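Please open the model in a viewer and keep the selection tool at hand.

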Amino acid sequence: MPILTLIVFLPLVGSIVVLFNRERMWVQTVSLVTALLSFITTLIPFWVFKSDVSSFQMQELIPWITSLGISYHLGIDGLSLFLLPLTSFLTVACILISWNHIKIKEQLYFVMFLWLEVGVLGVFVALDVFLFYIFWEVMLIPMFLIILIWGSDNRRYAAVKFLIYTMAGSVFMLIAIIVMAFLNQNMGSGFGFDLVDWIKLDIPFNLQAWLFVAFFVAFAIKVPLFPFHTWLPDAHVQAPTAGSAILAGILLKMGIYGMLRFCYPLFPEAVVYFTPTIIVLGLVGVIYGAFLAFAQTDLKKLVAYSSISHMGLIVVGIFALNATGIKGGIIQMVNHGLSTGALFILVGALYERTHTRDMDKLGGLATRVPVLATFFMIIVLSSIGLPGMNGFVGEVLLLLGAFKYKWWVGGLGATTLILGAVYMLWMYQRVMFEKERSCGDLIIHDFCLREKIVMVPIVLLIFFIGLFPSFFLDKMDTSANKLLSYINNSPAVVAMVDNDKVIK
Amino acid sequence: MLFKAIYLLPLLPAIGVLINGLLGKRFGEKTVAFVACTSVGLSLILAIGILHQMLIASPAERVITSSLYRWISDGSLQINVGFLIDPLAIAMIMVILFVGFIIHFYSIGYMEGEPGYRRFFVHLNLFIFFMLILVMGDNLILTFVGWEGVGLCSYLLIGHWYEKKSASDAGRKAFVVNRVGDFGFMLGIFLVIVTFNTVNFVELKTILAGNHGIPTVTLAIISLLLFTGAVGKSAQFPLHVWLPDAMEGPTPVSALIHAATMVNAGVYFMCRIFPFLQQSQFVLPIIALVGMITAVYAACCAVGQKDIKKVLAYSTISQIGYMFMAVGCGIYVAGMFHLVAHGIFKGLLFLGSGAVIHAVKGEQDIVNMGGLIKTIPVTAITFLIGLLALAGIFPMVGFFSKDAIIMGGYETYGIVYWLFGFGGAILTALYCGKLFGMAFLGESNFTGHVHKPNFFFKAPLVILAVCAVFLGILGIPMFTKNTYFAQFMGSSFNLGAGGHAAAGHGIPLSLEIAFTLILSVFAIAAIVLALFMYSKHRKTMVDFESRHKGLMMFLLKGFWIDKLYDTIWVRPLKWISFYSDSVCDHRIVDGAVNGTGKIAMEVGKTLSRMQTGYVRYYAVSIVFGVFVLVGITMMFLF
Amino acid sequence: MIEQAVFWMLGAVMIVGALGVILLPNTINSVMLLLLSMLALAGIYVLMGAHVVALFQIIIYIGAVLVLFIYVIMLLNLKEQGLKLPMQTFTYIISGFSLGLLVVVVWLFWQSLWGTTFTGGAGNLKASATVHQLAVDLFSQHILIFELTSVLLLVAAIGAIIISKK
Amino acid sequence: MGFYHFLSLGIILFAIGVVGFVIRNNTIVLLLSVELMLNSVNLIFVAFSRYLYGTEGQIYVFIIMTIAAAEVAVGLAIVVSIYRLFGTLDISKIKLLKG
């Protein structure tokens, strides 16, 4: 049974059913049911997945455009295994928080969310690079529209910036993909786009470097890595709550996913060659993002910049070239998706109640909305990596990986411990503590049942990952080692390392 | 067998947290308090049981380990959720649970009618839970979990009255400064992992006891990094700045967290990793030096304080400095003994100060008190017992514990060390005398009705006072390193054949007795002098202080170190952050991006001017283009 | 000899007619002169042995296209317009360019092609394509293009109707 | 009288068409100029067909004629609607495409 196909296209089917009726209830209920079903299907791989197999699993291979060597090739490994349920889970959450809150074109809105889910799920399971590219671009359109139609005041600027930025990166990747297809032909396997074939290619270093940069820029923009990050705050601030949540929760992960999925196996020598540069960029992102977050007064912007900081750390971890960092990166992707997604949901909930995101105007809300404040606290703590919660596990592994790479990389990365606490707690204080500043006369309701239903599973997951990370780590172990082996087994890399030793 | 059930120790407070936290909305204050106290009380009973079993076991069997499940694994590195209880841990656990239980009990009365009653008890229970995790964790990472967890609870409890800006500021400051220390802690853990590929205390100890061949420098760096964490948590110089501010929290919190348990965790942790310290010799003097500086510095500051709780706060910093002095001499037992003693008498003092503050309706400035001994005698007497213990007057427990530290160090570092200890002790006696004289003796400066303390206040004070008097028993026989406490603890600090700390004494007994006598006499003299001056000649002293305003301000503000940090850290960082937001990110990074867009736009605008709308023009352009093409063709043809 | 005389005569008529088309102020005169020019062109086709093309030229161009022009001019009832040549220097420059281009192209052809002889496929030389052969080729090899042009015509007819509607 | 005579004739005709297209303002004359250019191309095609002994040249001429007819039909329709819209056929007054 083609489970992966089912996973990817179930939301599409649901979105078609949504179109049958314009009634608000129909639209919302069908979307929710679809998202829930989709969530259940994304859990299936957990049962089928064998954690000791290093190749791709649950593969589906159907020739598609044979004349161009394009096939419909899906498959998962320990890297994508967790991103699937994360995606569908956050989609459910986003549909729930948008419940009755979308005032215009709600049918289109929910359809867009389901399409977005299709695109993202497709990105995570596609093994044919052409197919991957299609999903990669497909997912842009719904996100663009979500920002453009349902965003706040300056949405056009943000949406266009988001689109152009991402497109600019994708173009480089497209060129590199085509070059790779020709390379595949030149090296005797025929013109084709199958990743599994590409991995076997032995590309000369000069070419690798160029291709790597082309791929990497596309992914780095998505992450976003330090100099490419400026679209993110704008997009986040302007997007509707659910849009921000899904943007931060899932879309950013696609960049990291791409780096691990493509850059690692295809261009191992280039990865080793560029590692120092990338690590420095990542570290700059960590520290710079934290400083910027500290300077913000807009809640959403603060969370957006904190995302930049956290994602920078993930990049540092996965380019530390050891299994610890890679595993930390994978699990931190899930963690960051949960906690930052939840942060955006909470900020959105606050905005709904107080009609402002300006921290100088908020304050003293802990007394008014104790339940919201408690959830907020838990999420903030998870975000700054308090032990016992998910963020800690990821941070420890990432930093340990970085530390194993070079001690000072770990050291600089670990400043996130301090800086994260500084801006997050200051934010919390300004929003929740102290005296009320300007919302004193507003009627502010605490969390309603629907919002609790959204947050409770997130919080449970946060603790589950924090307390029993082995459940996840064991499943990704083999895949992480496999990814690493591409680097370590590459003959040229071995030669480089040997040279190093000789010099020493 | 109780040893099998040690995981229940932290579990019980956790259950208390869950019950109160999730279901407590409908509970009344009494139910909440009952649940919280019972959970800690049951835990305490269990701990006493374990202590009993441990006492009757032979020293070699006094190590209990219990591994619950595999937590994080990375390659061959395994990090379990597992617990380790040895005499070192049980001593700390007893302090935590005993003092903790008493303070829970005390809080029932102290927090009565407060709006955040349930929240307070939830956080308090959570604190006990994390503290036990810290102490019982059998590996560095799990200890770090507790370490951060208590930091969190400290943050929450300092900011309990979060509507006060100063309170939430203080909480945040505590958390952030602690995180600075934790930064070092974390790096230390990483270095341990990279070097040893394990974080389990027992395994580490085994490795270090054998022939490990690891360079001393590595061990020293590990020790220093982990020590950074301890400095942060235990409020040692230069990371002490958060503790005086932490007095914004409710007084029971100050007693439990910022006097008896959490701030001592640094000392405990140094004792826990003593094999590292033992094997990297030049780290010990650094620790001792930090302890010495802190002990004297904080004692000086305490003399200048006016707020009753701040006096105690600086005193706590100073006393923990003493403990680090002990650690720095390698006499861990003495450090732990002072830790236990300090937990008792400082808990007592804080609870007493709480009772005083409660009695005088929230007044904390000792200048505005006075003569309280007449109105609240029980509080006053127990407070005095606490102060005497703090000043190290015979026969209080402080006498034994402090003497052990000062004398133990003399053996290692000589007279300079002793002088530092001596100076600190004299200053301690001074501010003890001043505090008691100002607050309880002399004429009353407080105008208003004084609340009598009720049972919830008195009972804890009396129990702790009794302990403070009689716990000194653990410190005999004096002048040997074989006290009762050391007999029990000794096995924890046994690193193979060579490293045992409880060897014989290197200095003659007579010299030691002489030094002790000198110290005692001077301390008694100082305390009596201060008592006398600040009660009978209070006016003179106040005049004296007002004449030397600069000096008093210097002491009051803790040598202006807060201000210094504000200037060299906080402001520059804030400036960098706002600068990088407004200029760097918007103008440069985003400017480059938008600039690209603008260039494209400008080019487009310029080119669009060629779009005249005249068909003729376009036709001409085609012709022109053909002309160019033909020209190029010609160039290639001929 | 006669052929040459006819060629020169027809050529002169054609060029003069074309110049008239672009230089006469009255549109209807322009159309009439184009008619003349095209008749001359048809004659040249006959000279080259392309009889079918010549016939088509007369039927399609003169019979259909130019009639259409005349019809539209009459329909719009255009008033007499003077020959208002645009007075932009730019236009003169470009006119110069196009004439220069003309010279260059002619020169190019003379340079590159002069002296080469078109022998074609040496075995089956024919004086010119016969009607029969033309038909065979058109309906076998080029049938697709042929059909497509019919579609194009249809589309154009519909397009013209829609554009000029209302 | 050879190939080059026909060729030169076609080129001259084309140039006259270009110049006419550029210098005239009247839309109908523009269309006439286009016809001139098309005819010149036809002439060259037929000339090639004649001297290369092939049928393709003539076949293309047919097709070009068809296209020219279609073009004129559409073009004149546009002329008519332009006249309706602007009341003039002077293209120097019609410049909606101005950027």
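Two residues are in contact if their C-beta atoms, placed from the backbone, lie within 7 Å. Residues are numbered from 1 along each chain as its sequence is written, while chains are lettered from A and ligands numbered from 1 in the order in which they are written. The model is predicted: local features need pLDDT of at least 70, side-chain atom pairs count only at pLDDT 80 or more, and totals for chains, interfaces and linings use all residues.

**Stop 1: A:Leu400**

Select A:Leu400 to begin. Leaving aside neighbours within four places in sequence, which residues is A:Leu400 in contact with? They are A:Thr324, B:Phe190 and B:Ile193. A:Leu400 belongs to helix H17 (residues 390–405) of chain A; helices (H or I, at least four residues) and strands (E, at least two) are DSSP runs, numbered from the N terminus. Is A:Leu400 buried or exposed? A residue is buried if 20 or more other C-beta atoms lie within 10 Å of its own, exposed if 12 or fewer, and partly exposed in between, with C-beta atoms placed from the backbone. A:Leu400 is buried, because 28 other C-beta atoms lie within 10 Å.

**Stop 2: helix H18 of chain A**

Where is the kink in H18(A) centred? Centre the view on A:Leu419, where the kink is about 30 degrees. The bend at a residue is the angle between axes fitted to the seven residues ending there and the seven starting there. H18(A) is largely enclosed by the rest of the structure, because 20 of its 26 residues are buried. Just after H18(A), select A:Glu434, whose phi is positive at about 65 degrees.

**Stop 3: backbone features in loops**

Most residues other than glycine have a negative phi, and most peptide bonds are trans. Select A:Leu321, which is not a glycine and yet has a positive phi of about 60 degrees. A:Leu321 sits in the loop between helix H13 (299–318) and helix H14 (323–354) of chain A, and is buried because 20 other C-beta atoms lie within 10 Å. In chain B, turn to B:Asn197, another residue other than glycine with a positive phi, near 60 degrees. The loop that holds B:Asn197 runs between helix H6 (165–196) and helix H7 (201–209) of chain B. B:Asn197 counts as partly exposed, because 14 C-beta neighbours lie inside 10 Å.

A:Val223 and A:Pro224 are joined by a cis peptide bond with omega about -10 degrees; A:Pro224 lies in the loop between helix H9 (205–222) and helix H10 (231–238) of chain A. The peptide bond from B:Phe237 to B:Pro238 is also cis, with omega near 5 degrees, and B:Pro238 is in the loop between helix H8 (216–233) and helix H9 (242–245) of chain B.

**Stop 4: chain B as a whole**

Select chain B, which has 26 helices and 2 strands. Its C-alpha trace spans about 115 × 65 × 55 Å along its principal axes. Of its 638 residues, 55% count as buried. Among contacts in chain B with a separation of 6 or more, 80% are between residues 24 or more positions apart.

**Stop 5: contacts between chains**

Which of the 4 pairs of chains in contact shares the most contacts? Chains C and D do. Their contact takes 67 residues from chain C and 58 residues from chain D. On the chain C side, H3(C) gives the largest share, 11 residues. By class, that side has 46 nonpolar, 17 polar and 4 charged residues; Ala, Val, Leu, Ile, Met, Phe, Trp, Tyr, Cys and Pro count as nonpolar, Asp, Glu, Lys and Arg as charged, and the others, Gly among them, as polar.

Finally, display chain A with chains C and D. No contact joins chain A to chain C, and their closest C-alpha atoms lie 25 Å apart. Chain A has no contact with chain D either, the closest C-alpha atoms being 22 Å apart.
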